[in-house]
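Here are my notes on this one, as numbered points. Have the model open while you read.

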Amino acid sequence: MIVGSLLIVTFSLSSLNIKSEAENQQLRSLAEYVATKSCEIISATTTNKLAVNFTLDLPPLVGNQRYWVQLKNDSSIAWVEIGYGTTPQSTDRQTLIPLKVSASGTYTSGSGPAVLQCQAQDAETYLSLSGGF
């Protein structure tokens with residue numbers, strides 16, 4: 001009886017760990033997707049000197065959880081951050097955008113479509129992320 005209970009608990013915990021790891025992998029994949037699309041529209045913007053808008057194909061939930069995505073940069077590099085919840089905060093889930101760009105903006109899942117916007121002005125390129133109806 002005790003051995004059976006221990007096995008059930010062990011398998012339940014193992015199943016939860018596998019589910020959690022799959023959801024974290026999906027979150028990392030979404031950050032990579034946003035970074036990749038950012039690079040594509042930055043390249044199109046700087047090549048053609050046009051403003052580019054792109055609606056991202058992001059799911060409303062990861063697992064059963066809402067999530068946020070934000071673009072950030074410092075003086076030398078830009079990156080995508082992503083995490084669970086509805087309030088963005090600093091996280092170690094970062095994916096670099098390997099192009100020179102000024103990046104900002106936040107999207108929270110469930111708040112309508114996520115839109116990347118990029119424009120080149122003078123020698124600067126600006127990338128923003130927004131969401132809403």
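1. Which residues touch the most other members of the largest nonpolar core? They are Leu-58, Tyr-67, Leu-71, Val-80, Ile-97, Leu-127 and Leu-129, out of 28 residues in that core. By nonpolar core I mean a set of buried Ala, Val, Leu, Ile, Met, Phe, Trp, Tyr and Cys residues joined through side-chain atoms within 4.5 Å. Helix 1 gives the most to this core, eight residues. At least two residues each come from helix 1, strand 1, strand 2 (67-73), strand 3 (78-84), strand 5, strand 6 (114-121) and strand 7.

2. A word on the ground rules. This is a predicted model, where local features need pLDDT of at least 70 and side-chain atom pairs count only at pLDDT 80 or more, while totals for chains, interfaces and linings use all residues. Residues are numbered from 1 along each chain as its sequence is written, and side-chain values use heavy atoms, with hydrogens and water left out.

3. Overall layout: one helix and seven strands, running α-β-β-β-β-β-β-β from the N terminus. Helices (H or I, at least four residues) and strands (E, at least two) are DSSP runs, numbered from the N terminus.

4. The seven strands form an open sheet in the order 1-6-7-5-2-3-4, with mixed pairing. Strand 1 (52-56) and strand 4 are the edges, each pairing on one side only. Pairing here requires at least two DSSP bridges between two strands. On average, neighbouring strands of the sheet are turned by 15° against each other, direction ignored; the axes are lines fitted to C-alpha atoms, for helices over the stretch in contact, and angles run from 0 to 180 degrees between N-to-C directions.

5. Ser-102 has Tyr-126 of strand 7 as its bridge partner.

6. Leaving aside residues up to four places away in sequence, Leu-71 touches Val-34, Trp-79, Val-80, Ile-97, Ala-103, Ser-104, Gly-105, Leu-116, Leu-127, Ser-128 and Leu-129. Contact means heavy atoms within 4.5 Å.

7. The cut-offs are under 20% relative accessible area for buried, over 50% for exposed and partly exposed in between (1.4 Å probe, protein chains only).

8. How many salt bridges does the structure hold? Two, where a salt bridge is a side-chain nitrogen of Lys or Arg within 4 Å of a carboxyl oxygen of Asp or Glu. Arg-28 and Glu-21 meet at 2.9 Å, N to O; Arg-28 is partly exposed at 32%, and Glu-21 is partly exposed at 44%. Lys-37 and Glu-40 meet at 3.2 Å, N to O. Both of these lie in helix 1 (residues 2-48), three residues apart, about one turn of the helix. Lys-37 is buried at 19% relative accessibility, whereas Glu-40 is partly exposed at 43%.

9. Finally, the totals. Buried residues make up 34% of the 133 residues. Among contacts between residues at least 6 apart in sequence, 54% join residues at least 24 apart.
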